[in-house]
Amino acid sequence: MSEPLVVVGNGMAATRLVEELTKIAQGRYAIAVIGDEPRLAYNRVLLSSVLAGETASHDIELRPASWWRDRGVTLKYGCLATEIDVGRRELKIANEESIAFSRLVLATGSTPLRLKVPGADLAGVHTFRDSRDVDLLLTLAAQKKRVVVVGGGLLGLEAAYGLAKAGAAVTLVHLMDRLMERQLDMPAAELLRSLVERKGIKVLLNANTACLHGETRVDGVELSDGRRIDADAVIFAAGIRPNVVLAKDAGIPVNRGIVVDDVMQTGAPDIFALGECAEHRGNCYGLVEPAYEQARVLAQHLAGGAASYSGSVVATNLKVSGVSVFSAGDFMGAQGTETIVLNDARGGTYKKLVISDGRLTGVVLVGDVGDALWYLELIRSRQPIARIRKDMMFGRSLVIRSEAA
Ligand SMILES: Cc1cc2nc3c(=O)[nH]c(=O)nc-3n(C[C@H](O)[C@H](O)[C@H](O)COP(=O)(O)OP(=O)(O)OC[C@H]3O[C@@H](n4cnc5c(N)ncnc54)[C@H](O)[C@@H]3O)c2cc1C
């Protein structure tokens with residue numbers, strides 16, 4: 001008889017896990033997926049494109065209902081899991097009967113952070129995480145509202161771009177001295193700022209949000225230096241926090257995320273975690289690729305095979321059309337590394353390669369990102385680059401031509 005395997009969360013990590021597991025061990029488990037969003041799992045990454053009007057919301061579904069059905073998966077969406085009884089191996093679901101498991105997987109993702117400033121709970125203050133948020137933001141934009149986006153990372157930039165493109169007057173405020181400081185060095189961030197401003201978005205750097213004004217509804221943002229920005233709505237895009245509530249309440253060890261080992265097992269027997277809710281060797285990843293790598297390993301493990309996850313080299317892509325940005329690995333260049341830089345601010349191109357011990361360890365690209373995946377592969381494979389070093393900056397095709405000559 002199939003063992004009951006319950007997955008909490010109907011997001012990107014959960015979907016990939018089911019895909020990998022049913023490929024190698026169809027029938028071994030009776031799988032149930034419990035998700036609280038009221039629709040089939042979708043590609044969350046594409047929410048930015050939906051907001052920007054470049055993709056339709058119904059086109060981002062990861063798999064149709066028939067796909068789940070064909071794999072025998074019991075799918076419950078619009079259902080919130082509320083409690084894990086570790087001893088009895090039962091999961092409680094709001095307004096429903098508990099469900100028994102022999103193995104449980106937590107794939108609960110993250111929740112967006114709301115700054116703890118006065119006024120943060122006023123009406124008109126929103127976040128950008130799921131498709132309900134996107135519907136709301138599109139309504140604001142259609143009404144030509146003045147919107148302040150708080151946060152100049154990937155998410156904030158994509159929210160600002162989508163809102164501006166849909167008709168809102170957007171100001172982006174960012175605490176740091178440069179945009180995307182976790183992925184870009186100063187020259188790249190400066191170039192990005194100028195490209196973003198050309199899209200009609202006002203960017204304020206070194207801008208610390210002190211409080212939000214308004215009676216019941218937000219009408220402005222005050223910065224700690226006294227500047228005030230009038231606003232009909234405010235979007236917090238200032239970070240995420242792994243969603244660990246279920247695990248924590250059940251006594252499963254958590255730090256920032258749910259602590260897992262190299263097969264994604266938590267501190268409780270037969271309970272696993274993956275994706276944004278998990279913390280592996282001190283790292284919580286906020287990106288899809290690590291979640292997919294974890295899904296592959298966990299599926300192998302659940303199928304009885306040997307597999308081990310040792311962490312991911314992450315890469316970031318900004319999805320703002322006409323503004324191509326890519327960053328991976330040690331993009332700043334730690335002490336003892338060498339850098340090769342091409343900076344054409346006027347032409348809108350910046351390239352930086354970081355080299356350590358004869359290997360590529362980091363890359364930043366703005367403008368021309370055509371060779372991004374090639375650079376990423378060089379970083380991940382750790383192959384020696386002495387032979388291609390002099391041509392590497394100019395891209396893969398030049399390297400191939402030089403090698404052929
Ligand atoms: C707008 C946007 C753009 C992004 N762009 C990129 C990008 O360009 N590149 C990239 O790599 N990453 C990007 N990301 C991040 C990426 O989407 C996440 O890393 C990925 O979705 C993580 O997958 P996950 O399954 O761990 O979490 P999620 O996809 O968030 O899925 C978790 C699911 O669990 C559900 N859940 C939580 N608790 C419960 C509960 N108790 N009961 C039932 N269900 C529950 C949640 O509602 C959610 O549906 C972006 C994210 C956003 C919001």
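This is a predicted model: local features need pLDDT of at least 70, side-chain atom pairs count only at pLDDT 80 or more; totals for chains, interfaces and linings use all residues.
H1 is mostly covered, with 11 of its 14 residues buried. The buried set runs through Met12, Ala13, Ala14, Thr15, Leu17, Val18, Glu19, Glu20, Leu21, Thr22 and Ala25. Their cover includes strands S1, S2 and S7 together with helices H3 (65–70) and H8. After H1 comes Gly27, which has a positive phi near 95 degrees.

Helix H8, one of the elements covering H1, spans residues 288–302. H8 has 15 residues and reaches 21 Å between its first and last C-alpha atoms, close to the 21 Å expected at 1.5 Å a residue. Buried along H8 are Pro290, Ala291, Tyr292, Glu293, Gln294, Ala295, Val297, Leu298, Ala299 and Leu302. Strands S1 (3–8), S2 (29–35), S7 (103–106) and S19 (271–273) are among the elements that cover these residues, as are helices H1 (12–25) and H9 (372–381). Just after H8, Gly304 adopts a positive phi of about 95 degrees.

How do these two helices meet? Two packed helices are described by the angle between their axes and the distance between the axes. For H1 and H8, the axes come within 8 Å and cross at roughly 35 degrees, and the crossing is right-handed. On the H1 side, the contact is made by Met12, Ala13, Arg16, Leu17, Glu20, Leu21 and Ile24. H8 contributes Val288, Ala291, Tyr292, Ala295, Arg296, Leu298, Ala299, Gln300 and Leu302. Sorted by class, this contact has 12 nonpolar, 1 polar and 3 charged residues. Several of these residues also belong to the buried sets, including Leu17 and Leu21 in H1 and Ala295 and Leu298 in H8.

Turning to the nonpolar cores, the largest has 53 residues, and those with the most contacts inside it are Leu91 and Leu106. Leaving aside residues up to four places away in sequence, Leu91 touches Val6, Val8, Ile34, Ala81, Glu83, Ile84, Ser98, Ile99 and Phe101. Another core, of 45 residues, lies apart from it; among its members are Val50, Leu192, Leu195 and Ala237.

Just after H9, Arg382 has a positive phi of about 55 degrees.

Two single residues complete the description. Thr316 sits in strand S21 (residues 315–320). Thr316 counts as buried because its relative accessible area is 7%, and buried means under 20%. Setting aside residues up to four places away in sequence, Thr316 touches Leu154, Met180, Gln183, Leu287, Val325, Phe326 and Ser327. Gly305, by contrast, lies in the loop between H8 and S21. With a relative accessibility of 32%, Gly305 counts as partly exposed, because that class falls between the 20% limit for buried and the 50% limit for exposed. Between Gly305 and Thr266 there are 18 Å in space, C-alpha to C-alpha, and the two are 39 residues apart in sequence.

Definitions and conventions:
Residues are numbered from 1 along each chain as its sequence is written. Side-chain values use heavy atoms; hydrogens and water are left out. Helices (H or I, at least four residues) and strands (E, at least two) are DSSP runs, numbered from the N terminus. The expected span of a helix is 1.5 Å times one less than its number of residues. Buried means under 20% relative accessible area, exposed over 50%, partly exposed in between (1.4 Å probe, protein chains only). Contact means heavy atoms within 4.5 Å. Axes are lines fitted to C-alpha atoms, for helices over the stretch in contact, and angles run from 0 to 180 degrees between N-to-C directions. A crossing is left-handed if the near helix is turned anticlockwise from the far one by less than a right angle, and right-handed if clockwise. Ala, Val, Leu, Ile, Met, Phe, Trp, Tyr, Cys and Pro count as nonpolar, Asp, Glu, Lys and Arg as charged, and the others, Gly among them, as polar. A nonpolar core is a set of buried Ala, Val, Leu, Ile, Met, Phe, Trp, Tyr and Cys residues joined through side-chain atoms within 4.5 Å.
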